[in-house]
Structure formats: structure tokens, C-alpha cells
Amino acid sequence: MTPKFTCLLADSRRALLTMLGLLAVIWAVQVVNWTDDYGLSRDFGLMPRRLDELPDMFTMPLLHFGWGHIEANSWPLFVFGFLSAYRGLRKFLWATLLIVLASGLTVWLCERPGVVTAGASGLVYGYFGYLVLRGVLDRNLLDAVIGVVVAAVYSYLLIGVLPVTQGVSWLGHLGGLLGGLAAAWLLRDRGPKAAATTAGAAAGPRSALHKELDELGL
């Protein structure tokens with residue numbers, strides 16, 4: 001195996017453990033929250049335009065309002081989160097921070113007064129946007145293919161950024177999506193690797209694919 005492929009395997013392992021750990025925390029919080037009749041969601045969910053509520057944008061993604069709510073978020077959160085993190089945790093953590101801030105601030109600035117928002121769906125939409133755009137901006141063929149597949153399979157999620165379903169935080173979804181797109185742009189690969197990949201792509205899609213597979217040791 002090439003050193004690059006070995007590194008990719010190690011990063012993928014860390015991404016898997018990170019997402020399993022995150023889901024374990026979210027589900028543990030859900031059990032405690034459920035026994036408290038969802039008092040944690042009411043106390044640490046995000047309410048708009050109150051300065052003392054701003055820190056709650058960081059607890060909001062860990063909280064839910066029911067078992068159906070957490071179940072709907074868990075699978076896409078795991079898939080999108082793993083695919084966002086499998087090339088390295090540093091960029092993933094920065095992307096996560098940007099998504100949380102964008103989703104939280106959108107809710108805090110624009111949501112109706114008195115509405116408490118909680119749930120990991122802002123992260124789901126953020127990772128979705130990050131995946132769709134990352135490969136194109138990094139000029140990475142494998143990531144670009146992943147982005148196309150994710151966009152095609154989960155395109156129905158875009159309905160969630162429209163105010164069409166009562167009781168669903170479309171503002172959190174929209175903010176998360178914009179945060180993910182912004183993260184892909186701000187964290188894009190600006191190094192010589194991107195230029196080399198561009199040169200390979202210019203030589204033709206087949207040579208670009210061969211270059212990607214060769215770098216991964218496949």
C-alpha cells in the first residue's frame with residue numbers, strides 16, 4: 001500500500017470513531033432528555049434574539065424533541081459526517097464549527113420570538129452542502145464523484161430549506177446548508193496538489209481518474 005493510501009485508511013478510521021462517538025453522545029443526551037420530559041431541549045435549545053441564548057447554538061445540535069426526531073437525523077448525520085471527515089479531522093472540525101455558527105446565527109437572527117429550536121439537522125444540511133461543493137473546489141475527482149452521488153441521492157433534502165413544513169426549523173436547515181457551502185469555499189485546497197490534479201483533469205477524465213486511483217494505491 002502507498003503511504004497516501006495508508007494515511008487515508010488511518011483518517012477514515014478516525015472519522016468513523018469520531019462520528020460513532022458523536023452519535024453516542026447525542027443518543028445518551030436523548031435518553032437523559034427523554035427522562036426529563038425534554039427539559040434539556042427547552043432549557044438549552046436556541047431562542048432568537050436574546051444575548052444570553054447565543055451560547056445555546058453549540059448545545060442545540062445535541063438536543064432533540066422526540067425519538068422520531070433523533071432517528072430522522074442520525075443516519076444522514078453519520079453518513080454525511082463520515083464522508084466529510086474521512087480525509088482528515090482538522091478541516092472537518094473547522095467545517096463543523098462554521099456550520100454550527102451559520103445555522104445557529106440564522107435561527108437566532110431570523111426565527112420567530114419565543115420559538116425554541118433544537119436538533120442536529122443543521123449539521124446534516126451543512127455537511128450535505130460541504131460534500132456537494134468540496135470536490136469541485138478542491139479539484140479532487142473522488143470527492144467530486146462523492147458530491148455528485150450525494151447531491152443526486154439526497155436532493156430531496158433541499159425541500160427542507162423552504163418554509164413548507166410546520167414545526168420544522170427550515171431556518172436552521174438553510175443556515176446549515178449555507179455554512180457548509182461557505183466551509184467548502186473557505187477550507188478549499190489552495191496548495192500545489194490542487195494544481196497538479198487540475199493538470200491531470202486537463203489531460204482528460206480517464207487520466208485524472210487513473211491519477212486519483214494511483215495516488216490511493218488502487
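## A tour of the largest pocket and the helices around it

Begin with the lining of the largest pocket, to which α3, α4 (89-110), α5 and α7 (170-186) each supply at least two residues. The model is a predicted one.

**The pocket.** Select G167, V168, S169, W170 and H173, which lie nearest the centre of the largest pocket among the 37 residues that line it. The space in this pocket amounts to about 700 Å³.

**α3 and α5.** Next, display helix α3 (residues 67-85) together with helix α5 (residues 121-138); their axes come within 9 Å and cross at roughly 35 degrees. The crossing in which α3 passes α5 is left-handed. To view the contact, show the side chains of N73, P76, L77, F80, G81, L83 and S84 on α3, and those of S121, L123, V124, Y127, F128, Y130, L131 and R134 on α5. By class, this contact of α3 with α5 comprises ten nonpolar residues, four polar residues and one charged residue.

**α4 and α7.** Now hide that pair and select α4 and α7, whose axes come within 7 Å and cross at roughly 145 degrees. This crossing of α4 and α7 is right-handed. On α4, select A95, L98, I99, A102, S103, T106, V107 and C110; on α7, select L171, G172, G175, G176, G179, G180, A183 and L186, and the contact is complete. How many charged residues does the contact of α4 with α7 have? There are no charged residues here, the classes being nine nonpolar and seven polar.

**A salt bridge.** Finally, turn to the charged side chains. Side chains of opposite charge can pair when their charged atoms come close. The structure holds six salt bridges, and one of them joins R87 to D143. Select these two residues and display the distance between their closest N and O atoms, which is 3.1 Å. R87 is found in the loop between α3 and α4, whereas D143 belongs to helix α6 (residues 141-153), so the pair ties together parts that are 56 residues apart in sequence.

Key. Residues numbered from 1 in each chain as written. Predicted model: local features only at pLDDT ≥ 70, side-chain atom pairs only at ≥ 80, totals over all residues. Heavy atoms only, no water. Axes fitted to C-alpha atoms, helices over the stretch in contact; angles between N-to-C directions. Helix = DSSP H or I, 4+ residues; strand = E, 2+ residues; numbered from the N terminus. Left-handed = near helix turned anticlockwise from the far one by under 90°. Contact = heavy atoms within 4.5 Å. Nonpolar A, V, L, I, M, F, W, Y, C, P; charged D, E, K, R; others polar. 1 Å grid on protein atoms, 1.4 Å probe; cavity = no way out; pocket = protein on both sides within 12 Å on 5 of 7 lines; lining within 4 Å. Points joined across faces, edges and corners; volume = space filled by probe spheres on them. Salt bridge = Lys/Arg side-chain N within 4 Å of Asp/Glu carboxyl O.
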